[in-house]
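Reader: I have a structure to go through with you, and I would like to ask about it piece by piece. Shall we look at it together?

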Amino acid sequence: MTRFVRLVTECRPEFSLWERDFVGKDSLLVALETEGVFSTSLVLRRGDLVAEIWLGRSTTLDGAKPLAPRAVARLCAGTDAC
């Protein structure tokens with residue numbers, strides 16, 4: 001995840017890292033803003049499993065964070081890391 005964070009924060013100025021570690025270690029909320037509209041993605045990791053969930057375009061983050069705990073629970077079902 002460290003390489004991914006570096007890519008978002010240092011190499012791709014059009015992307016923003018809005019939140020980190022909000023549902024456990026290695027959870028990210030990444031956004032791309034274009035003309036006041038956000039395109040957001042959740043990136044979550046549990047053990048060796050990584051999931052990216054593209055949430056589409058929105059003007060707010062209200063819909064992004066509530067999905068994260070459910071996605072983490074699904075990842076936990078597939079690994080012994082939880």
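Reader: Where does Asp21 lie?

Author: Asp21 is in the loop between strand E1 (15-20) and E2. Helices (H or I, at least four residues) and strands (E, at least two) are DSSP runs, numbered from the N terminus. This is a predicted model, in which local features need pLDDT of at least 70, side-chain atom pairs count only at pLDDT 80 or more, and totals for chains, interfaces and linings use all residues. Residues are numbered from 1 along each chain as its sequence is written, and side-chain values use heavy atoms, with hydrogens and water left out.

Reader: What is the phi of Asp21?

Author: Phi of Asp21 is near 60°, which is a positive value in a residue other than glycine. Asp21 has 40% relative accessibility, so Asp21 counts as partly exposed. Here buried means under 20% relative accessible area, exposed over 50%, and partly exposed in between (1.4 Å probe, protein chains only).

Reader: And Asp26, what is its phi? Is it buried or exposed?

Author: Asp26 is not a glycine, yet its phi is positive at about 65°. Asp26 is found in the loop between E1 and E2. With a relative accessible area of 14%, Asp26 is buried.

Reader: Moving on to Ser27: which element holds it, and what does its side chain reach?

Author: Ser27 belongs to strand E2, and its side chain reaches the backbone nitrogen of Val23 at 3.1 Å. A polar contact is a pair of N or O atoms within 3.5 Å; within protein, one must be able to donate a hydrogen and the other to accept it, and residues adjacent in sequence count only if both atoms are side-chain atoms. Ser27 is buried because its relative accessible area is 1%.

Reader: Which residues is Ser27 in contact with, leaving aside neighbours within four places in sequence?

Author: They are Glu19, Arg20, Asp21, Phe22, Val43 and Leu44. Contact means heavy atoms within 4.5 Å.

Reader: Changing topic, which residues make up the largest nonpolar core?

Author: That core has nine residues in all: Val23, Leu29, Leu42, Leu44, Ala64, Ala68, Ala71, Val72 and Leu75. At least two residues of this core come from E3, and at least two from helix H2 (67-76). H2 gives the largest share, four residues. Another core lies apart from it, with five residues, among them Val8, Leu28, Val30 and Val43. A nonpolar core is a set of buried Ala, Val, Leu, Ile, Met, Phe, Trp, Tyr and Cys residues joined through side-chain atoms within 4.5 Å.

Reader: Why does Ala68 count as buried, and what does it touch?

Author: Ala68 counts as buried because its relative accessibility is 0%. Ala68 lies in helix H2. Not counting residues up to four places away in sequence, Ala68 touches Phe22, Val23, Leu42 and Leu44.

Reader: What does Leu75 touch, on that basis?

Author: Leu75 touches Leu44, Arg45, Arg46, Leu49 and Ala51, not counting residues up to four places away in sequence.

Reader: Now the largest pocket: what is its volume, and which residues line it?

Author: Its volume is about 170 Å³. The lining consists of Phe4, Leu7, Val8, Arg12, Phe15, Val30, Ala31, Ser39, Ser41, Val43, Glu52 and Trp54. Two or more lining residues come from each of helix H1 (2-11), strand E2 (27-34), strand E3 (37-46) and strand E4 (49-58).

Reader: What is a pocket in these terms?

Author: On a 1 Å grid over the protein atoms alone, a cavity is a set of points where a 1.4 Å probe fits but cannot get out, and a pocket is an open set with protein on both sides within 12 Å along at least five of seven lines; lining residues have an atom within 4 Å of a point. Grid points are joined across faces, edges and corners, and a volume is the space filled by probe spheres set on the points.

Reader: What does the side chain of Ser41 make a polar contact with?

Author: The partner is the side chain of Glu52, at 3.2 Å. Ser41 sits in strand E3, and Ser41 counts as buried because its relative accessibility is 10%.

Reader: Last, where is Thr9, and what does its side chain reach?

Author: Thr9 lies in helix H1, and its side chain reaches the backbone oxygen of Val5 at 2.8 Å. At 46% relative accessibility, Thr9 is partly exposed.
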